[in-house]
Amino acid sequence: MSAISSHIMRRGTDLAAAHLRGPADKPNTGEPEVGVMIVIAVTAVVFGLMFWAIEYTYGMVIATLAAVEDTNPDIYVRIASEPNPIKPTDEDEPEIGTATPLKPITSKLRTTVKHLRSRAGFWSRFRGAGMFVAYAAARSFIAGLIPIPVTSYIGSFFVQSFLSVLFATWQMAWVHIVISEPSPKSFYQRIPSYKTWIKIAPAAAVQDILTAAAFFIPLAIAEFAGWLDVSNNNEVPSLVALFRFMGVLVAPAILAFLISIPARVIFVRVAASMLPEEDETIVPFDRSFGGKVNPAITGGSGKIGIVDAWTTFDWAARVRFAKVVGKTFAMEVALGIFASLVLGGQLIWAMKTAKPVKDNSPAF
């Protein structure tokens, strides 16, 4: 989904820049003050970082943990809490929660963040960020070497699908970092050898090729039908063309998002089934997936199959995972509305405080 999001941002930015500039012969009536533009730029960067923090912490890290946590483990992991030096301890006092069964750690976002912080420190909500940045940078670098226009949706589909499968072991390493206890190894040392690639590539293909196809192929059809014709002319107002284009993007984006949910779960669970034995999991996790995984030491594949990865994902875990995705989406929508109001107000402020541009052209 990150490749699709970046494509939407690129295409929308190009369109907005082309149309909001207006005709070349239209006189510039005002120039915003530099200080105002700096404030707008800083605000946009801050909101961008907030969006990324929400998506990474909740939509990626916690969602990944929810996809692998065992609903009814044999041994529960109690969330550690700081002892209260003021309150004396009583050995005869019954332990809180002994009368009621413990819920899964990922049943609540706050509970999961608290658990991660107690086991992996303050920055644990961003665990795996180094691996994620390296993966995104490597993928963007190679994509930049392939001369595919931004409007070539079929070309973008093949490029994005190829890169996702090519870097499948990098995605697998990110999953291992997220679901395991802190390790002294660097993130690049967690990347499996390419002998493992053949095992994880099918799951990566299910995740990324299906998601990319759900987004880029409908866009290619819309382009062929002329629904994405946003040429800058006087017949179509700038904002109308922009909103029409963004409207056409909605259906493919929603379709890709819905397909990506089960596809992402399958990839995460297949990758988790190949977690090295020396790595301890940070949440209760059945490595055997109900006996579906045959260890490689006994001649088995050492991983779970694609179909079994979904069928062993019980209904309670699916509900828990869906709640994480839904809450993340709600937070992003709320932040998006707030960001639109703030940035919109700043743009109005910039237009009202714009200084007229002096006409220095020679008079004849």
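Side chains of opposite charge can pair when their charged atoms come close. In the predicted structure, the count of such salt bridges comes to 3. One of them joins the side chains of Glu181 and Arg119, with an N to O distance of 2.4 Å. Because Glu181 belongs to the loop between helix 6 (168–179) and helix 7 (197–225) while Arg119 belongs to helix 3, this pair ties together parts of the chain that are 62 residues apart in sequence. Glu181 has a relative accessible area of 18% and is therefore buried, the cut-off being under 20%. Arg119, at 31% relative accessibility, counts as partly exposed.

A salt bridge is also formed by the side chains of Glu278 and Lys185, at 3.8 Å from N to O. Here too distant parts of the chain are linked: Glu278 lies in the loop between helix 8 and helix 9, and Lys185 in the loop between helix 6 and helix 7, 93 residues apart. Glu278 has a relative accessibility of 55% and so counts as exposed, whereas Lys185, at 38%, counts as partly exposed.

The side chains of Asp279 and Arg190 likewise meet in a salt bridge, with 3.5 Å between N and O. Asp279 is placed in the loop between helix 8 and helix 9 and Arg190 in the loop between helix 6 and helix 7, so that parts 89 residues apart in sequence are tied together. Both Asp279 and Arg190 are buried.

The loop between helix 8 (238–272) and helix 9 (306–311) also holds Thr281. With a relative accessible area of 19%, Thr281 falls under the 20% cut-off and is therefore buried. A polar atom of the Thr281 side chain lies 3.1 Å from the backbone oxygen of Val283.

On the surface, a patch of positive charge is made up of Lys103, Lys108, Arg110, Lys114, Lys323 and Lys327. Two or more residues of this positive patch are given by each of helix 3 (109–120) and helix 10 (315–352). Lys108 is located in the loop between helix 2 (34–68) and helix 3; at 44% relative accessibility, Lys108 counts as partly exposed.

A nonpolar patch on the surface consists of Val34, Ile38, Val42, Val46 and Met50, which together have about 440 Å² of accessible area. Of these residues, Ile38 is found in helix 2 and, with a relative accessibility of 48%, counts as partly exposed.

Technical notes:
Residues numbered from 1 in each chain as written. Predicted model: local features only at pLDDT ≥ 70, side-chain atom pairs only at ≥ 80, totals over all residues. Heavy atoms only, no water. Patch = residues over 30% accessible without salt bridge, like charges linked within 9 Å, V, L, I, M, F, W, Y side chains within 5 Å. Areas by Shrake-Rupley, 256 points an atom, 1.4 Å probe, with all protein chains shown as cover. Salt bridge = Lys/Arg side-chain N within 4 Å of Asp/Glu carboxyl O. Lys, Arg positive; Asp, Glu negative; His and termini not counted. Charge placed at Lys NZ, Arg CZ, Asp CG, Glu CD. Helix = DSSP H or I, 4+ residues; strand = E, 2+ residues; numbered from the N terminus. Buried < 20%, exposed > 50% of the residue type's maximum accessible area, 1.4 Å probe, protein only. Polar contact = N/O pair within 3.5 Å; in protein donor to acceptor, adjacent residues only side chain to side chain.
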